Amino acid sequence: MIEYVTTPAGRPHEPQPAEPDRPHDPDPELRTERAFLDTARAALRRMHADVVATETPLIGGEDNDERFTNESNLRARWLRAQSLVDLPDVPLFFGRIDYDAGTVAEAADRIHIGRRHVHDEAGAPLVIDWRARVSVPFYRATRTDRQHVHRRRRYGFSDAADLTAYDDEILDGTGTASDAIDAGSTEADAFLRAEIERPRTGPMRDIVATIQPEQDDLVRAPLQPSICVQGAPGTGKTAIGLHRIAYLLYTERERLSRGGVVIVGPNRSFLSYIRKVLPALGEVDVRQTTVEELLGQPGTVGTAGAAGTVTGDPRAEQLKGDARMAAVLLRALWLHVGTPTEGILYTKGANRYRVHDYAVQEIVESLRGATRYAPGRNSLAQRIAHEVLVLMERRGESPDDRVQNAVARSRPVKALVDQVWPKVTPEQVLFRLLSDAAFLAAAAGADLAEDERAELAWAKPPRSAKSAKWSPAELVLLDELTDLIERRAGSLGHLVVDEAQDLSAMQLRALGRRCRTGSATVLGDLAQATSAWTTGSWEQVFEHLEMPGTRLVELERGFRVPGEIIDFAARLLPTIAPALGRPTGIRSLPDALRISSARPAASPDPQGFLDSLADACRNALAGEGSVAMIAADADVAELRAGLLDRNLPSALLGSADDAMETARLVCVPAMLAKGLEFDAVVVAEPARIVAAEPRGMARLYVVLTRAVTSLHVVHAEPLPAELRDTAVG
Ligand SMILES: Nc1ncnc2c1ncn2[C@@H]1O[C@H](COP(=O)(O)OP(=O)(O)OP(=O)(O)O)[C@@H](O)[C@H]1O
């Protein structure tokens with residue numbers, strides 16, 4: 001429970017950083033910019049203090065509406081204060097554009113662009129939000145299409161967010177020779193490279209200072225239609241999704257805050273990795289969750305779990321994620337509605353009214369499938385009651401609505417409804433489906449073959465629906481049944497689904513249901529599909545989400561992985577995703593890839609292998625930034641113990657949310673590597689990663705594409721054939 005405080009002295013007043021002590025800088029322009037930064041930070045502190053100091057008026061009274069209004073007002077102010085906290089390590093602005101004189105009405109021609117809007121006491125803007133329309137040319141203007149921009153300035157900052165340098169691009173060629181470095185984009189590329197190569201020390205950072213034009217196009221795409229980004233590893237999909245949320249909250253805040261915005265990621269480790277991006281962009285109210293949590297299934301998948309995790313029999317779990325299950329469940333539910341063989345006799349005083357079985361049959365048939373299951377039960381009771389009322393009227397009575405309701409609730413009507421259209425829970429229906437072969441056969445119709453039904457059914461059914469321990473895939477089926485029984489309100493304003501290629505058809509249906517009136521940003525890479533139930537085509541994903549008009553965009557320009565590494569990993573593509581384009585890396589690092597054969601495969605020697613692995617890790621740790629040792633899930637603990645024995649302290653990813661921040665060397669089970677990145681990566685024994693699961697080759701592709709600076713593959717067993725014969729040594 002969050003506490004909202006109304007007094008100036010109370011939280012959420014965070015400590016605000018003071019201006020740093022700086023050595024005197026000889027460059028007057030830099031001095032001016034630094035002074036401007038100080039002014040802007042002071043203004044932000046004042047804005048924050050104003051919000052904290054303002055009393056939120058509370059409405060008296062204790063009824064629900066008044067309490068709700070008070071809570072909402074306090075929360076809104078709390079959120080506003082949070083969004084105005086000056087984060088000590090996040091620069092307040094990162095760029096500036098100088099427009100041609102007179103371009104921007106009611107504002108200066110020179111604007112500083114930052115993560116949020118800052119204004120002075122008189123209300124004049126000091127820093128303009130990057131999301132504002134007037135900021136767009138910062139990202140889009142080129143020398144050939146300069147959009148009235150004369151100069152684009154980018155700033156360099158120290159780790160403490162102190163301004164240390166600036167670089168200018170003069171787009172109209174009127175600058176001095178020294179200013180006019182290459183406006184074509186060498187400068188921009190250098191900035192981008194520096195930003196990408198800045199060593200990583202923990203969670204993901206925002207990319208707001210260097211968003212590329214093709215990314216900007218997606219970040220600023222309107223709320224409708226939904227968009228899907230198919231992108232090779234490191235093309236910035238996750239970054240785009242997060243910045244898009246921040247952008248949409250800026251342009252459509254009211255609409256979105258009504259339904260809410262949710263980002264769905266593959267597992268807790270990934271969510272922990274991305275958790276700081278939106279707060280750095282001033283957005284503190286976005287739910288970041290896994291599919292399991294969103295479906296209200298906490299605990300089914302723990303820290304180490306992942307969407308696409310198969311906990312039961314893999315083939316059965318795959319079938320349970322199959323789109324055909326939607327039809328099977330629908331039939332299974334409606335099979336509970338029987339054919340009435342008797343009518344009812346309703347008695348009131350000396351009068352008796354009979355509704356015949358054929359009349360009840362007609363009502364049941366007209367309702368079957370025309371409503372959700374639960375409201376159908378009520379309708380049946382009401383329609384029978386209506387028949388009774390007609391009989392009453394025929395006898396000259398004049399019954400009103402109250403009489404109809406009383407009849408609908410009467411014992412004979414209730415008994416008939418319970419018999420013909422029984423009350424059921426999702427658990428009862430699924431329990432029956434998976435434990436009663438005849439019922440499953442009837443519900444399956446032509447949708448499931450006999451052998452599939454045999455695989456789907458429980459080998460050892462639990463004793464009752466109540467004592468069943470549902471697997472993740474079964475919980476998704478329960479979610480579908482819940483909606484079939486009583487329609488769910490699906491009011492999310494916007495949904496971002498990352499690593500969407502791994503979701504089953506039934507999971508996608510569950511997500512789409514929660515966003516019936518909103519829109520979605522779907523992010524993923526078919527080549528990184530590792531779950532058994534992946535649908536394999538984006539068109540099918542849109543169909544399952546029930547978002548047929550989704551716009552599909554493909555990105556191939558990779559920012560994370562150097563060309564040398566992506567070329568190596570891409571050798572797997574003809575095997576795992578032959579239809580996809582070949583990714584490229586925007587950077588080339590000649591020594592980025594190393595492959596070490598630890599011992600001849602014929603004489604495996606665990607100690608020798610561990611020594612080689614430890615050497616590779618030590619070597620990686622000699623560079624800057626984060627280091628990961630990635631191995632098959634079953635091997636990680638043992639390999640980590642071997643590294644610890646060799647004096648290499650490390651954290652185990654999945655053991656705690658902040659594992660990536662507690663040690664420079666992180667041991668990562670291959671299953672959790674998706675979506676993450678590290679400056680240096682050491683991969684242990686690729687063949688075992690491939691052998692560990694049916695789509696092991698795709699898993700290896702994921703693992704090989706996590707490195708920003710260096711990848712070292714250590715193996716004793718032969719490499720997969722696609723990766724052999726490399727000149728790298
Ligand atoms: N325009 C950019 N400027 C600076 N860094 C960028 C830019 N675009 C992407 N990056 C960086 O590249 C890395 C990869 O980005 P991201 O994780 O969003 O890629 P992805 O497509 O989701 O990758 P994957 O498919 O592996 O999950 C991140 O460190 C991100 O910050």
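**Overall make-up**

The protein has 29 helices and 22 strands; these are DSSP runs, H or I of at least four residues for helices and E of at least two for strands, numbered from the N terminus. This is a predicted model, in which local features need pLDDT of at least 70, side-chain atom pairs count only at pLDDT 80 or more, and totals for chains, interfaces and linings use all residues. Residues are numbered from 1 along each chain as its sequence is written.

Of the 729 residues, 44% are buried, meaning that 20 or more other C-beta atoms, placed from the backbone, lie within 10 Å of the residue's own.

Next, the cores. A nonpolar core is a set of buried Ala, Val, Leu, Ile, Met, Phe, Trp, Tyr and Cys residues joined through C-beta atoms within 7 Å. The largest one has 176 residues, and Ile245, Leu613 and Val682 are among those with the most contacts inside it. A second, separate core of 20 residues includes Val337, Val364, Leu380 and Trp421. In general, nonpolar side chains in soluble globular proteins tend to be buried together.

Now the helix, α12, residues 324-334. Which of its residues are buried? They are Met325, Val328, Leu329, Ala332 and Leu333. Seen down the axis of α12, these fall within an arc of 130°, so they line one face of the helix; the arc is taken from the directions from the helix axis to the C-beta atoms. Among the elements covering the buried residues of α12 are α11 (314-320), α14 (373-394) and α20 (472-485).

Note on methods: Buried ≥ 20, exposed ≤ 12 C-beta atoms within 10 Å, placed from the backbone. Contact = placed C-beta atoms within 7 Å.
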